[in-house]
Amino acid sequence: VSTVSFVGSSSVSQVHELIGIVMVIEVSVVLSCIALAVLMTRAFCLAHRYAKMEVGQEKRPAENELALKAVHFSKRMRWETPLNLLLVATAFALHVFWLFQLNWHQPNQRHTIQEMAFLSAAILSLANCARYSSLLSLAEFSLPQKKPKQGIFHQMSEAIFGSFSNESLEDIDQWKTGHHSWDEKTYELAHRAVTLRALLEFYSSLPAKMPHFDPARHKTSDIVRQVIIPMSRQSPYGDCAAAMVLMGGREILPDRMVTHSWSNHFAHLVASVVADALELPSYESVLARLEAQEMLALKSELYWKKKLDTAYWICCFSINQHAGICGYVPPDLPDPVTHALPKACSCRHPKHWSDSEPLKDGQSVNCEMNKFDNMMDCIFSLNPECSQLIAVDIQFNLFTRAWCVAEIHQA
């Protein structure tokens with residue numbers, strides 16, 4: 001309007017032409033934003049899919065952590081990118097509509113609604129662009145740090161005498177006993193961790209799998225007999241450890257080795273794991289957050305703290321119960337709610353006890369319950385960043401369990 005008033009009525013046609021050119025350019029920008037939103041969203045979806053495939057395949061912790069960061073980043077960018085570009089397209093589209101109104105109506109006529117709509121969209125779009133740029137700039141993908149350059153004398157001494165500070169292949173393999181079958185079973189056990197994400201999904205599914213589940217009364221042994229053993233029987237992976245079912249067959253090395261007692265409440269075990277992820281010394285405040293109405297908020301907090309993919313080795317999930325205890329239920333383990341004795345598993349999976357042949361130094365090679373010391377050596381050798389989590393029950397019964405004390409001693 002100001003341009004028309006300044007140049008006079010004789011140049012109105014030129015102004016209309018300029019407005020028309022600007023409209024064509026901005027329509028092109030709108031279409032480009034839409035096309036770019038579709039292409040970039042698809043690209044981030046593909047990136048998310050391939051990043052998930054890499055998780056767990058990388059054996060070195062640093063590379064696995066990098067893959068996990070790629071999963072979280074690409075998952076968020078799948079919706080951040082189209083949102084940002086569509087806001088930009090909306091702002092330009094509203095400006096085109098405003099120019100259209102100016103071009104085909106009286107120049108001195110005010111278009112307050114169109115103007116305010118465009119200004120609002122422009123401000124929102126600019127603010128979101130700033131937020132989007134900040135999100136991109138804060139994407140932290142840390143690669144394994146390179147060793148600093150060493151002096152010539154240090155390099156010479158290392159070449160002559162070797163480096164005593166660096167971990168050698170012999171140090172990594174020091175857990176091995178030299179018995180191939182024993183070491184193979186130990187290595188297999190060490191890679192049966194479950195992520196915190198999978199553990200919380202399992203806990204959330206308990207009311208459906210066990211309708212009478214009471215967090216205040218049911219212990220870990222009850223969950224093993226009534227849920228874990230049935231769900232891992234005749235699974236797509238055979239009669240296997242529950243960790244294989246929960247992780248979809250993926251074998252991953254743990255970030256935490258969990259020591260706990262089966263006589264503890266299962267809810268307390270899960271709360272202990274969550275408290276560890278949240279870096280809390282006590283799990284009391286976590287128990288209420290495991291309820292169904294609070295679970296989504298808890299998962300969201302763990303997601304933004306990048307803790308959902310932390311892997312935990314928990315014996316009730318990581319040991320194949322079908323290779324041991326599933327066929328017999330002690331008469332002193334009735335359900336605390338129904339008072340009925342759980343049914344024993346009728347699978348035909350071979351049972352391997354500590355004295356089952358073949359033997360190594362008097363111990364069964366195929367048994368999964370007699371290798372905890374070797375398995376812990378294997379875990380901590382392959383993942384030096386792994387740490388021990390002790391999920392203590394309220395009565396401190398854990399410290400009266402020889403098995404638990406032995407794990408703490410080994411750690």
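Helices (H or I, at least four residues) and strands (E, at least two residues) are here runs assigned by DSSP and numbered from the N terminus. The model is a predicted one, in which local features need pLDDT of at least 70 and side-chain atom pairs count only at pLDDT 80 or more, while totals for chains, interfaces and linings use all residues. Residues are numbered from 1 along each chain as its sequence is written, and side-chain values use heavy atoms, with hydrogens and water left out.

With a relative accessibility of 33%, T177 counts as partly exposed, where buried means under 20% relative accessible area, exposed means over 50%, and partly exposed covers what lies in between (1.4 Å probe, protein chains only). Leaving aside neighbours within four places in sequence, T177 is in contact with W182, D183, K360 and N374, contact meaning heavy atoms within 4.5 Å. For T177 and N374, which are 197 residues apart along the chain, the C-alpha atoms are separated by 8.3 Å.

From this loop the reader can turn to the sheet. Four strands make up an open sheet with mixed pairing, in the order β1-β3-β2-β6, and two strands are taken to pair if DSSP finds at least two bridges between them. Strands β1 (194–195) and β6 (387–390) stand at the edges with a single partner strand each, so one side of each is left without a neighbour in the sheet. Strand β2 (residues 256–259) and strand β3 (residues 311–313) run parallel and are joined by two bridges; R256 has Y312 of β3 as its bridge partner.

Next come the helices. Helix α10 (residues 220–231) is mostly covered, with 11 of its 12 residues buried; among them are I223, V224, V227, I228, I229 and M231. The buried residues of α10 pack against α8, α9 (206–209), α11 (242–246), α12 (266–277) and α15.

The structure holds nine aromatic pairs, a pair being two rings of Phe, Tyr or Trp (for Trp its six-membered ring) whose centres lie within 6.5 Å, with planes under 30 degrees apart counted as stacked, over 60 as edge-to-face and the rest as tilted. The rings of F202 and F317 have centres 5.2 Å apart and planes at 90°, so this pair is edge-to-face. Because F202 lies in helix α8 (residues 196–204) and F317 in helix α15 (residues 315–318), the pair ties together parts that are 115 residues apart in sequence. F202 is buried, with a relative accessible area of 2%, and F317 is buried as well, with a value of 0%. Ring pairs also link F202, Y203, F213, F266 and F317 into a cluster.

Another edge-to-face pair is made by F372 and W403, whose ring centres are 5.2 Å apart and whose planes stand at 75°. F372 lies in helix α16 and W403 in helix α17, so the pair ties together parts that are 31 residues apart in sequence. F372 is buried at 9% relative accessible area, whereas W403, at 41%, counts as partly exposed.

Two packed helices are described by the angle between their axes and the distance between the axes. For helix α16 (residues 372–382) and helix α17 (residues 402–410), the axes come within 10 Å and cross at roughly 35°, the axes being lines fitted to C-alpha atoms over the stretch in contact and the angles running from 0 to 180 degrees between N-to-C directions. The contact is made by F372, D373, M376 and D377 of α16 together with W403, E407 and Q410 of α17.

Some points of the backbone remain. Most residues other than glycine have a negative phi, and most peptide bonds are trans. A cis peptide bond, with omega about 0°, joins E357 and P358, and P358 is placed in the loop between α15 and β4 (359–360). K306, although not a glycine, has a positive phi of about 60°; K306 is found in the loop between α14 (292–304) and β3 and is partly exposed, with a relative accessible area of 47%. F396 likewise has a positive phi of about 60° without being a glycine; F396 is placed in the loop between β6 and α17 and is exposed, with a relative accessible area of 54%.
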